[in-house]
Amino acid sequence: MYYRRTLTEAQINRELLGTVLSTPLWWVVLTGLLGIVVAGMLSAIGFMFNQGLKVTGLGEPVFWGFFITNFIFWVGISHAGVMISAILRLSQAEWRRPMVRAAETMTVFSLMCSLLMPLIHAGRPWRIFYWVFPYDWARGIWPDVRSPLVWDPTAIITYLTSSSLFVYTALIPDLAVIRDRSTGWRRTVYGILALGWHGNPRQWKLQGLAGILLSALILPVFVSVHSIVSWDFSVSLVPAWHVTVFAPYFVIGAVHSGVSAVVTLMIIMRKLYKLENYIWEEHIDAVARLLIVVANTWLFFFWLDLVWALWLKEEQEMAVWQLRMFEAPWSWLFFLFFTLGYAIPVPLWMFRKVRRSFTWMLWTSLIVNFGMFLERLLIIVPSLAKRGPWVFDWASYRPSPVEITVIGGSVALVSFLLLLFSKFFPLIPLWEEKEGQLFIDEIKVGARVVPAIVKEH
Amino acid sequence: MATRKLLGLFQDPEKVAEAMSALKDGGFPGEDLDVYSGAPYPEGSFGEHDPAHRLFMFPLVGALVGFTIGLLWTAGTQISYPLVTGGKPLLSIPPMTIIMYENTMLGAIIFTVLGVLFESRLPKRSLGLYDERITEGYLGLVVDCPAEKAADAERILTANGAEEVKKDAA
Amino acid sequence: MATQTQTQVPAAGEGRPTNHKWGMVIDLDRCTGCQACVIACQSENNLPINDQERFYQRRANQWIRVERYWEGEFPNVKARFIPVMCQHCDNAPCESVCPVYATYHNQDGLNVQVYNRCVGTRYCANNCPYHARHFNYGEPVWPEDLRNQLNPDVTVRSRGVMEKCSMCVQRIRRATIGRRDPEDGAFDPACVQACPTGAMTFGDLNKSDSNVSKKAHDERRFRVLEGLGTNPSVIYLKQVDTHA
Amino acid sequence: MHNGEHGHSAGEYALEGLATHADVAKDVLSRYQEVTPRYRAWLMALGVLFILGIVGFILRLMDGFEDGSNWGYFVATLSFILSTFMAMPIISAGLRLTKANWRRPFTRVVENMAITGVLMTLMVPVALAALPPLEGRLNIWFDFPLGAPGVWDFIAYGTLALTGLALLWTLALPDLAAARDHLPASSARLGIVRWLAAGWEGSLRQWRVQRQAALVLGAVYLLTYPLVQTLMVADFHLGLLPGSKDAIFPATQVVYALQSGIGLTMMTMFAMRRMGGYTQYFTVEQFWALAKPMLALAMLWFYFWWASFISFWYGREPRDVATLQYLFLGPWMIPFFTSFILNFLGPLIALIWNPVRRSIWGPTIVGTSIVLGALINQTRLMVSAFAVPDHSQHVLNPIPPAQWPGVPDLLIVVGGISGCVLLFMLVSKIIPPVSIFEVAEGLRLVKVRRFLGRTVRVIAKSH
């Protein structure tokens, strides 16, 4: 049955504000440990700033490696937030309620993390702000809007601003709840953040409209962001990058990895924050069904990419796919990518038992993201490292310890930021849950009672 | 004329709706009544009047602003210092389209959020007459009335099941 | 295949008071692969020493390199050489991807690199089909005794900056200073100057009577990766070897 | 929190005056049995047009297959029908998988279009005969054995058509049985209806199998359709354009198809309201709900086109430039921009307004514009490919001129589409055009109740 538990508002407040109103020991330990990893990542970045990019494994012709892979990976993860919350809000799916905020917050933090990557990967990162912000008014020279690398920050900053505002707007009613439950300076701070929210019909009506309107406006942004990232590749002349299918292929791949990441996050959250009353098998089951559709659409686009790479029978394009699929180490990375990203999880999700098991879903969603990281790596590096017409730089790429530290650290960074967020704000929207409780109903069909929900006329 | 504010606290939404109609019958105009709740109830649940708003104008204006900024930025920077890159035209429209699109959407979204705040009449400097139990499941029915009718309002609220009636300092 | 791309590039000189289009013709039938051009370029343009370690790291910096390839079947194999540098394409794929105008097309038809603007995204290098661009992964260093041989006319690039063949733009600047119109052959880039077999010719492709223009219309002419439509300014001459 | 059951008196939701299964069955079957003079007149008119189409087809046959460019318009019609009409079952299957309740009144309408699949499969060999040989040109077959492309294309289209028919039949069984039980003994249709109903009696086991089969067949159809579309555009469009490398295009074609499929659904619902009197079934709710995906698809139309455009424009390899010149900016510019306005700009500007979406005329007009645009667009794509004189080039050079239709071409276009409409109308008299059991199921799952002094709908979550 769908909504089997009925919760009072007081109980929802108590259970969902657990980490906000008190500080459990596990939170301190976990945040501390992750903080150490993040500090390690920051020192690796500092070391790289000090020494230059020679401490990476990059060379010629592979000018882009783990950092850009990681950039695309985190932009991809960030697509889940909007995918889940906007699409499900617009289609008024009830099962969205416990996941919207966590997903949106993950969007914000993974976008921040992804934005960090191209900044640190640049040769002279201290001058990079010239890029994003128009510079040098004296000589009248500004960033070249013809460059995809100007489209990128424009899109990402738009997306970051929009999703932060989206999170904040939906957070206001919950901030009021915390304001009413806290004392002293916290009360003052939350009071300021809550903007004097009362919860009268006007405010609630606009809160509802904001959800719909912002979802509708963010959706086209969400599609554009990863498309623009993909155009970094598809507008170039590099064989196997200059492919028209990249935009939707990247977007659907991003959704695949992002929604999987949401599943991982939900399951870990459920365990850590004891949210058994809010996150149920039904929710994970519904996301898994969505994932089956997404994964198969992704497969279609992957197949199109592959077939049209061979379509013209061009030597260079063939060389890239030869490298990707048949030459070590890329061949076994390719094998890993496809088994982990598609071949293992998707058939497993066909089984209701798997979809409804938190353990199974945790591991399958984790390996999807491992596979999808490899997918991005396989898109970027072999295309550059192929055996092209120039024999003098037939060379490959091996990441250096600095790069590996940064990649590992980026996972810690996002988790760290999410943990910090959860200390100050609830990860599950209280008011959405309370609203959901209002709409629980049942219908009798013959001898059976079917769970139902109330919909506005 | 001095006005007073009363806040009746309820637990049952049906009772709020009843109190609301009783108040209206008792000569308290609908626009002086308000309900505070901890969760969104379907519109009109308490028989309150439908709040008018112009939220849909905001994204349109924002989109226009964003589009204009994008157009000026992209066209202006290309024209004002003409450097040829890659044999592309000096005023390259397809790349401009992409940036203008992003700016349009950014403008629309920022203005929507501003619109939501404005139409919600937020931010408010002080909470005024309020009760913390409202965010814990209670419903607050607020009456704004002339001072002399305050007692009347309190009677109606209590008669219809208000567990407590708070009054602002007169 | 003809290059019939819709070039929207203003013809060199349009809107500017010059009408040069610098270009080069390389006669591959004369090239012996001696690498003199490589050494000349290295010393003219302040390139760091490419030692074994830099080659192992795949970070060797050669503005011009001599590619070697084989023609024919064993035992009738012939070693062939082709010097490759920046092709100064009219539709240069590297230029438009740079977010900061660090590389653009100047009025003389050259693809120029502005070190001060470069932030090191390395996108241009990825997008160069000729692999002519090189990145300073670390700060360049010279042995103590070579410090004083640096060319004062050429910037020493710091780390984090992209660089590539400039067709010895310092020599072009010196020759055309004050809008002078240098005579054909009055100056040459270092590589051309150093070529012992005279395989390389430099000059103004806009002047029909220049040496380079005449050679550019040789029937042996071809341009590298012409199918990409990049429209390079470097023209190669090569007799098709029917015996190979 | 609610005031309890109100029983059947308030239990009906969208269907005015039709509260129970029996009401729906009676209403649908009475419309189904009736054959009006107006219906006959339409059949006659469409039949004449269809015969004219056959005349056009025979004229083309007499010219033979040597000159492939003669067959461009025939293939365009084929492609239009294959994409539009055969995308319709996807709409029904997709909405069934997402459990959208508003789908119920019109799923049968769109499933009945699956019948065109058989007609189209018969026409595929003709189109294949007009294809130039595979040698020396681009193709998707990579020396694949056993008679590629002909045999394999035919198998692919056949599979899709049969899956569509199986889906249609599975979902029609209960209603065929209802028709069997209620048609008068004198009816000429009774024989075929009885045969098709195959002794369905509605046991629990039959219902369970039927439900499962519908889901599985729907999923298979969903998975097959993009692949068949890929073959279609690879063989008849991309493979004929020298130097074309547009990996996104098969997906674009699926977007085109879904969009015009929804457009056609709007048109059909409107026509059936007007002429068949099905006003209770196709209400504003159906138009409103379906207008949202229509808006999304209009935006996707642009998005998919733009993804190719920006890669071509920016990459500027000679073959990119030639493709751009030929299909978008050169000889085929007018059809392209017409379709751009009819399929993207117009629908976008109209459908972002909720009052337009929430009406019957709004989505219908937009749907008509989309179907018209899709016809023009498919014509542009297929005719342009067949008009290339030399398919073995590496780059399209020089760019060939546009090719305008001759009289036989026009006859084929009009006749082909008329034939499909004719077929649909005939099928609607064999299989009831509204799914009785689905609508009745919806009536059971949706109740109207009082909630805090207001009327709300309570919707059950079915499994």
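In this predicted model, chain C holds an open sheet of four strands in the order β8-β1-β10-β9, with mixed pairing. Strands here are DSSP runs (E, at least two residues), helices likewise (H or I, at least four), numbered from the N terminus. Two strands pair if DSSP finds at least two bridges between them. The edges of the chain C sheet are β8 (200-204) and β9 (221-222), each pairing on one side only. Strand β1 (residues 22-27) of chain C runs parallel to strand β10 (residues 234-237) of chain C, with four bridges. Within β10(C), C:I235 stands opposite C:V25.

Next, the rings. Phe, Tyr and Trp rings (six-membered ring for Trp) pair if their centres lie within 6.5 Å; planes under 30 degrees apart are stacked, over 60 edge-to-face, the rest tilted. Over all chains there are 75 aromatic pairs. One of them joins A:F302 and A:F337: centres 5.8 Å apart, planes at 70°, so edge-to-face. This pair links distant parts of chain A, helix α11 (residues 281-311) and helix α13 (residues 330-343), 35 residues apart.

| Charged residue | Ring | Distance to ring centre |
|---|---|---|
| C:R59 | C:Y137 | 4.7 Å |
| C:R65 | A:W390 | 5.1 Å |

Residues are numbered from 1 along each chain as written, and chains are lettered from A in written order. Local features need pLDDT of at least 70, side-chain atom pairs 80 or more, while totals for chains, interfaces and linings use all residues; side-chain values use heavy atoms, without hydrogens or water.

Notes: Lys NZ or Arg CZ within 6 Å of the ring centre and 35° of its normal.
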